[in-house]
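Please open the model in your viewer and keep the selection tool at hand. The stops below say what to select next and what can be found there.

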Amino acid sequence: MSQISAKDVKDLRDITGVGMMDCKKALEESAGDMQKAIEYLRKKGAALAAKRAEKEAREGMVAIRISDDRKAGVILELNCETDFVARGNMFTGFAAALASLALDNAAASPEALLVLSLGEEYGNEKVDDAMKTMTGRLGEKLELKRLALFFAPDGVVESYVHPGAQLGSLVQLVTDKPEEAKVLAKDLAMQVAASSPIVTDRSAVPADYIEKEMEIYRQQALGQGKPEQFVEKIVTGRLEKYYQEVVLTEQSFIKDGNIKVSDVLSDFRKKHQAQVDVKGFVRYQLGE
């Protein structure tokens, strides 16, 4: 058997990030050939990924990348098995690399990202293979749960990530004053993260959501003994409150509870003599 030097073991660890003992074993199995040892570790990672396929990956982080000109942004959720791994530099660095790769290549879904190739730091592997390799390094199942991409050639994209990276949001505004709208977009990203709206406008609330809520309110009113002739009026009033909870523009503004988000947008239009509207938003909370 070839003599394996400590330097070779260290070099392999620097390349792969795998533990020293595993690197030594890989070199021994590969007769000291560095490339064969790397391939050995990749296969081991793939085997471990298959072995842990049934494990639950409920921990992880939300990663976001925004282009320098604020015209594009990506948000994704990468999962692992334990909080300990989720807080480690190897996992967080990998999540950041995936977000950057998605932004640079305009990947709009997990499937689109999985077929792209990472850089030299990750052995130029495709993301799908790199996920298996990282499983070998971390000893845990990894899962790219979801991803969204925004393009705003006629506006601005902004984001918010809550400390701990388990909650994040992305907001896209359409505006003819994108530079002036950056602070507004940031405020609205925080609004989305904090207040969990589901749509921008009440007309976009799914009909089945409305029917479900109305039936709940109707049964509540009847259960409280309200007269039949007043029930529909009660249902209508409670539905208005529901809209104020789930419709972004009808929510109370997080920085001033006396005004609504729609008022903040109107104030911006008047102040800057500008057009501005919320085109879309995404909110990811770990595990939801």
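Begin by selecting Q172, which stands opposite G280 in strand β8. Here helices (H or I, at least four residues) and strands (E, at least two) are DSSP runs, numbered from the N terminus. This is a predicted model, in which local features need pLDDT of at least 70 and side-chain atom pairs count only at pLDDT 80 or more, while totals for chains, interfaces and linings use all residues. Residues are numbered from 1 along each chain as its sequence is written, and side-chain values use heavy atoms, with hydrogens and water left out.

Now widen the selection to residues 167-175, strand β5, which runs antiparallel to β8 and is joined to it by nine bridges; two strands count as paired if DSSP finds at least two bridges between them. Strand β8 itself covers residues 276-285, and because seven of its 10 residues are buried, it is largely enclosed by the rest of the structure. Buried means under 20% relative accessible area, exposed means over 50%, and partly exposed lies in between, with a 1.4 Å probe and protein chains only.

Stay in β8 and select D277, which is partly exposed, with a relative accessible area of 39%. Leaving aside neighbours within four places in sequence, D277 is in contact (heavy atoms within 4.5 Å) with Q172, L173, V174 and R269. The C-alpha atoms of D277 and L173 are separated by 5.6 Å, although these residues are 104 residues apart along the chain. With R269, the side chain of D277 makes a polar contact of 3.0 Å. A polar contact is a pair of N or O atoms within 3.5 Å; within protein, one must be able to donate a hydrogen and the other to accept it, and residues adjacent in sequence count only if both atoms are side-chain atoms.

Next, select residues 59-66, strand β1, which is mostly covered, as six of its eight residues are buried. β1 pairs with β2 in the antiparallel sense over eight bridges, and the bridge partner of E59 in β2 is C80. The two strands form a hairpin with five residues between them. In the loop between β1 and β2, select R70, whose phi is near 60°, a positive value in a residue other than glycine. Most residues other than glycine have a negative phi. R70 is partly exposed, with a relative accessible area of 25%.

What is the relative accessible area of N79? It is 2%, so N79 is buried. A polar atom of the side chain of N79 lies 3.1 Å from the backbone oxygen of E59, and the N79 side chain also makes a polar contact of 2.9 Å with the side chain of E77. Not counting residues up to four places away in sequence, N79 touches A57, R58, E59, G60, F91, K141, L142, E143, K145 and L286.

The elements that give two or more residues to the lining are α7 (127-138) and β3 (143-151), and α7 gives the most, with four residues.

Then select N124, in the loop between α6 (110-114) and α7. N124 has a positive phi, near 55°, and is partly exposed, with a relative accessible area of 48%. L116 is found in that loop between α6 and α7 too, and touches L101, N105, A107, E125, K126 and V127, not counting residues up to four places away in sequence.

For the last stop, select D187 in helix α8, residues 182-195. D187 is buried, with a relative accessible area of 12%, and touches F253, I254 and K255, not counting residues up to four places away in sequence.
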